[in-house]
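Thanks for coming, everyone. Please have the sequence and the model up on your screens while I talk.

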Amino acid sequence: MVTLLLQSRSYSKFVIKTTLRNKFNFIPVILLIGVTLFLLIMNTSAIKKQGYKASIQQNIAETNSLINVYTKNINEAKTSKDREIPYRAREQAKQVRSDNQLSLELATQQKWRSSLKVQLQIINATDIQTIKHHPSSVSPDYISSVYATRTLYKRLIKLNLRPDVVGMETQGFPFTLRMVDVLFPVAVVLVMVTLLTSVFTQTFIDHIDLDDMWPLSRSKLIFTKIGFSVVFAFAIYLVCLVLGFVGASMINGSSSLDYPIVMVSSSSTNIISVRTLLLQSLPLQLLCIIFMTMCVYLITYLIRNRLAAMFMNVLIFCGASLSVLKIEPISHMVHLLPFSYFNTINVLTKQATHDTGNQQLTFATGMWVLIFWIAVIGGLITIISQIHLRRLQYRMVS
């Protein structure tokens, strides 16, 4: 028993050392960190032109243009009756401009609650009135956007938080959520597949597996290698999230875990906090990494060639995670496919449900589906391992 324990520890050290000694393994990790910082830089740059204060300034400029147009119409009107409509429109535009100027001044003083209250008044006085009185003249997307913005502002007023740009967040906690959303389905999957393929092929020499030389059961070897790879991959992912959070917090402030995110729905009135999304996304993505690690191990073990296995793994995982929710003929069954849940935030915010029409794309379904597929892949690995072991024993006997 002691001997087996020592051998198991020795193999664990062997896997760790061979992984850390391979300089190629650090390249995808560095690239992932670089992509994380690049996303932060891009969002921070974009916020200067599309941020909360920048959007108010743009609204003021657009309102000034409208006031000029209304003034021109008033001057060109021939009768007092003709002047009445543009005059009322100009007075309303002047009020909107005055409110926006006040809101901008309050935002510059970082009085976010007061500034947002003024913006909420503007939305209720303009956009909401347009929707109520002229519903046929506006698109469903516009209506959804207006109600989503109003719902978001109400919650931000309650929390007294600085608003971030939806989809281009820059503050610590909201930016962490955006990293989970943007990076995981593409950059993280690509890096992890590349890294895991390298880890699993480093013991293959001319299609011969050096693991066969260890005096340990095949199941222990596989469990040790896959377990280490899962921990290694998830640790790298968490490190990138922490680095992104720290960088965003240092530049733009951390905001709060209670920062609200509007759920995608017909009314756009449901709110979920960043805290809840992160608490749900991390276990879901951990299962995704376990599933991905086991699949990569299985494919790599069958192919036993680094370049071929890497090409196949990248093609399968990156292709599937990017396209599975966009293939309309299978939209009714995407909740049963593990790759759907690589788009974690889209699933949790109901964006995936909205796009596919599949109401069963939920956190709970994702957990059960991923556990099921992990068990299936685990069973396949066990079967193939037993076949390999019998062949190896047959060769030794003969």
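First, the ground rules. This is a predicted model, numbered from 1 along each chain as its sequence is written, where local features need pLDDT of at least 70, side-chain atom pairs count only at pLDDT 80 or more, and totals for chains, interfaces and linings use all residues. Side-chain values use heavy atoms, with hydrogens and water left out.

Now the overall picture. The protein has 14 helices and 4 strands. Those are DSSP runs numbered from the N terminus: helices are H or I with at least four residues, strands are E with at least two. Of the 398 residues, 45% are buried. Buried means under 20% relative accessible area, exposed means over 50%, and partly exposed is in between, with a 1.4 Å probe and protein chains only.

Next, contacts, meaning heavy atoms within 4.5 Å. Take those between residues at least 6 apart in sequence: 74% of them join residues at least 24 apart.

On to the inside. How many cavities of 30 Å³ or more does the structure hold? The count is 1. A cavity here is a set of points, on a 1 Å grid over the protein atoms alone, where a 1.4 Å probe fits but cannot get out; lining residues have an atom within 4 Å of a point. Points are joined across faces, edges and corners, and a volume is the space filled by probe spheres set on them. The largest cavity holds about 40 Å³. Its lining is Ile222, Tyr297, Leu298, Tyr301, Ile381, Ile384 and Ser385. Two helices, α10 (274–303) and α14 (363–397), each give two or more residues to that lining. By class, we have 6 nonpolar residues, 1 polar and no charged. Nonpolar covers Ala, Val, Leu, Ile, Met, Phe, Trp, Tyr, Cys and Pro; charged covers Asp, Glu, Lys and Arg; the others, Gly among them, are polar.

Now the rings. The whole structure has 14 aromatic pairs. Rings of Phe, Tyr and Trp (its six-membered ring) pair if their centres lie within 6.5 Å; planes under 30 degrees apart are stacked, over 60 edge-to-face, and the rest tilted. Look at Phe173 and Phe245: the centres are 4.7 Å apart and the planes are at 45°, so this pair is tilted. Phe173 sits in helix α8 (residues 172–201) and Phe245 in helix α9 (residues 218–252), 72 residues apart. Phe245 is partly exposed, at 23%. Separately, ring pairs join Phe184, Phe234, Tyr237, Phe291, Phe317, Phe339 and Phe342 into a cluster.

Last, the loops. Arg162 is in the one between α7 (140–159) and α8. Its relative accessible area is 24%, so Arg162 is partly exposed. Leaving out residues up to four places away in sequence, Arg162 touches Trp112, Gln171, Asn252 and Tyr259. Arg162 and Tyr259 are 97 residues apart along the chain, yet their C-alpha atoms are separated by 9.2 Å.

Asn160 lies in that loop between α7 and α8 too. What is the phi of Asn160? About 55°, positive although Asn160 is not a glycine. Most residues other than glycine have a negative phi. Ser255, in the loop between α9 and β3 (260–262), also has a positive phi, near 65°.

Notes
On a 1 Å grid over the protein atoms alone, a cavity is a set of points where a 1.4 Å probe fits but cannot get out, and a pocket is an open set with protein on both sides within 12 Å along at least five of seven lines; lining residues have an atom within 4 Å of a point.
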